[in-house]
Amino acid sequence: MFIYASLALNKRGIIKLRKKPSYLRKENHSYTEQELANIALVKRRIDAFSRHDIEESLSLLSDDVVDEDLGESTKHGKSEIRDEIRRYIDTFPDLQWEIMNSIAHEDQVLLEIRGYGTRSDHPLDGGKPGSRVEFYVASIQHVSNGKVD
């Protein structure tokens, strides 16, 4: 299961920490081999999504994956998630994702992600065509048997 919490903020609305909290500082925590593998897995998934490689992104998910996106409907299985990814890419043809931070604990990985892109001529989100957007996402992803579920 993975959960997204999205915030669309303008530059004046973004609060930046002057100093990272201690739990985000790498020198204060060492990861197990499994936690490092889990971080690498979810980063591969986000990188595939950023390259618009839908099938590679989906191949890293379990067959019974559940996507709970706050403020939107829950998606069950790869088919519904494929449709959601296509919706994002149709709305933002140049969509890119940048992982800002990652934290792992046992079978969970928390990602702080920045997404950005330009709305298409026919955006599905009702926004102004051609407008540039930037948004931030917090994502908690559960990993089991080498797949995000």
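This is a predicted model: local features need pLDDT of at least 70, side-chain atom pairs count only at pLDDT 80 or more; totals for chains, interfaces and linings use all residues.
Strand E2, spanning residues 66-69, pairs with strand E3, residues 75-76, in the antiparallel sense, and the pairing comprises 2 bridges. Within this arrangement, Asp 67 has Lys 75 of E3 as its bridge partner. The hairpin formed by E2 and E3 has 5 residues between the strands, and Gly 71 adopts a positive phi near 85 degrees.

Across the whole structure, 5 aromatic pairs were found. One of these joins Phe 49 and Tyr 88 in an edge-to-face arrangement, with a centre-to-centre distance of 6.2 Å and an angle of 75 degrees between the planes. Phe 49 belongs to helix H1 (residues 33-50) and Tyr 88 to helix H3 (residues 77-91); the pair therefore ties together parts that are 39 residues apart in sequence. Phe 49 has a relative accessibility of 6% and counts as buried. Tyr 88, at 18%, is also buried, because the cut-off for burial is under 20% relative accessible area.

A further pair consists of Trp 97 and Phe 135, whose ring centres are 5.4 Å apart; their planes stand at 80 degrees, so this pair is edge-to-face. Trp 97 lies in strand E4 (residues 96-105) and Phe 135 in strand E6 (residues 132-144), and the pair thus links distant parts of the chain, 38 residues apart. Trp 97 is buried, with a relative accessible area of 12%, and Phe 135 is buried at 11%.

Phe 49, Tyr 88, Phe 92, Trp 97 and Phe 135 together form one aromatic cluster.

Methods: Residues are numbered from 1 along each chain as its sequence is written. Side-chain values use heavy atoms; hydrogens and water are left out. Two strands pair if DSSP finds at least two bridges between them. Helices (H or I, at least four residues) and strands (E, at least two) are DSSP runs, numbered from the N terminus. Rings of Phe, Tyr and Trp (its six-membered ring) pair if their centres lie within 6.5 Å; planes under 30 degrees apart count as stacked, over 60 as edge-to-face and the rest as tilted. Buried means under 20% relative accessible area, exposed over 50%, partly exposed in between (1.4 Å probe, protein chains only).
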